[in-house]
Amino acid sequence: MSATVTVTEPPRITAENVATLFPEVDTSLAREVLPTATSNPSATQAGDELAGYDEEQVRLMDEVCIVLDDDDKPIGSASKKACHLMTNIDRGLLHRAFSVFLFDSNKRLLLQQRASEKITFPDMWTNTCCSHPLGIPGETGSQLDAAVLGVKRAAQRKLEQELGIKPEQVPLDKFEFFTRIHYKAPSDGKWGEHEIDYILFIQADVDLNENPNEVRDTKYVSAEELKQMFEQPGLKFTPWFKLICNSMLFEWWGHLGSSSLEPYKNEHEIRRM
């Protein structure tokens with residue numbers, strides 16, 4: 001007689017149940033602007049989960065991410081730590097993120113290798129910059145236009161913090177929004193990602209001054225060179241980068257600098273990966 005296995009799906013996370021399911025989520029919203037990090041009492045509680053990690057990366061786990069429902073509507077905020085624990089992710093906790101793809105004037109893509117100090121996905125190669133808009137004025141929004149502007153501001157902030165790229169070299173109006181992907185991926189048994197990730201392109205020649213606590217290495221590649229990197233068994237890549245490359249990137253890249261790229265931009269539907 002075969003055994004019956006029952007798989008219980010986590011409940012759909014909504015504005016009505018998120019605080020009950022995740023007490024660490026702050027649900028106060030005012031004029032569609034989420035609270036700052038200082039208003040989140042759970043954000044500063046490091047806990048044993050962060051013992052032994054790099055001090056600066058532990059500090060960054062206090063940053064406040066934007067908690068979402070499945071339709072990308074902000075329903076609260078929680079610490080980066082809370083949003084990246086697999087115990088919360090497996091129960092449905094979802095947050096907003098962005099991925100920047102920066103190309104130079106020769107249409108080469110700037111890659112970064114994440115630093116060994118990173119708590120999630122250390123030492124892996126990925127796109128130019130991937131991070132989160134914070135629950136602060138200017139980086140959040142419930143409507144798509146406001147949310148896109150928020151992630152562009154966050155992208156500009158993180159490009160400087162991680163890679164030393166000055167904001168004037170990557171002005172907000174040069175970022176192009178393409179689409180959003182909803183995906184989930186574990187990093188190890190403790191940490192992972194569950195994000196609605198905004199995909200941004202920008203073409204600019206920039207000066208780099210890498211932050212070694214964030215970035216181990218950088219490399220400009222053509223599309224063919226990136227495909228060759230994927231064939232090298234010793235290299236590891238972040239899961240969101242592989243998802244984007246396998247489904248969309250190379251097609252978009254082929255139209256870079258041409259009007260034929262326009263139909264791919266400003267997609268309203270969320271791609272579920």
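The model is predicted, so local features need pLDDT of at least 70 and side-chain atom pairs count only at pLDDT 80 or more, while totals for chains, interfaces and linings use all residues. Residues are numbered from 1 along each chain as its sequence is written, and side-chain values use heavy atoms, with hydrogens and water left out.

**Helix α7**

- Helix α7 covers residues 239-254, which makes 16 residues. (Helices are DSSP runs of H or I with at least four residues, strands are runs of E with at least two, and both are numbered from the N terminus.)
- From its first C-alpha to its last, α7 reaches 22 Å, close to the 22 Å expected at 1.5 Å a residue; the expected span is 1.5 Å times one less than the number of residues.
- Look for a bend of about 60° at C245, where the bend is the angle between axes fitted to the seven residues ending there and the seven starting there.
- C245 is also one of the buried residues of α7, along with W240, F241, I244, M248, L249, W252 and W253. (Buried means under 20% relative accessible area, exposed means over 50%, and partly exposed is in between, using a 1.4 Å probe and protein chains only.)

**Strand β7 and its partners**

- Strand β7 (residues 176-186) has 8 of its 11 residues buried, so it is largely enclosed by the rest of the structure.
- On one side of the pairing list is β8 (residues 192-203), which runs antiparallel to β7 and is joined to it by 9 bridges. (Two strands pair if DSSP finds at least two bridges between them.)
- β7 and β8 make a hairpin, with 5 residues between them, and F177 has L200 in β8 as its bridge partner.
- β7 also pairs with β10, this time in the parallel sense over 3 bridges; here R180 is partnered with I270.

**A buried lysine**

- K81 sits in helix α3 (residues 80-84), and its relative accessible area of 13% makes it buried.
- The side chains of K81 and E49 are joined by a polar contact of 3.2 Å. (That's a pair of N or O atoms within 3.5 Å; within protein, one must be able to donate a hydrogen and the other to accept it, and residues adjacent in sequence count only if both atoms are side-chain atoms.)

**Two loop residues with positive phi**

- K107 isn't a glycine, yet its phi is positive at about 65°; it lies in the loop between β3 (95-103) and β4 (109-114) and is partly exposed at 41% relative accessible area.
- N266 has a positive phi near 60°, again without being a glycine; its loop runs between α7 and β10 (270-272), and it is partly exposed at 47%.
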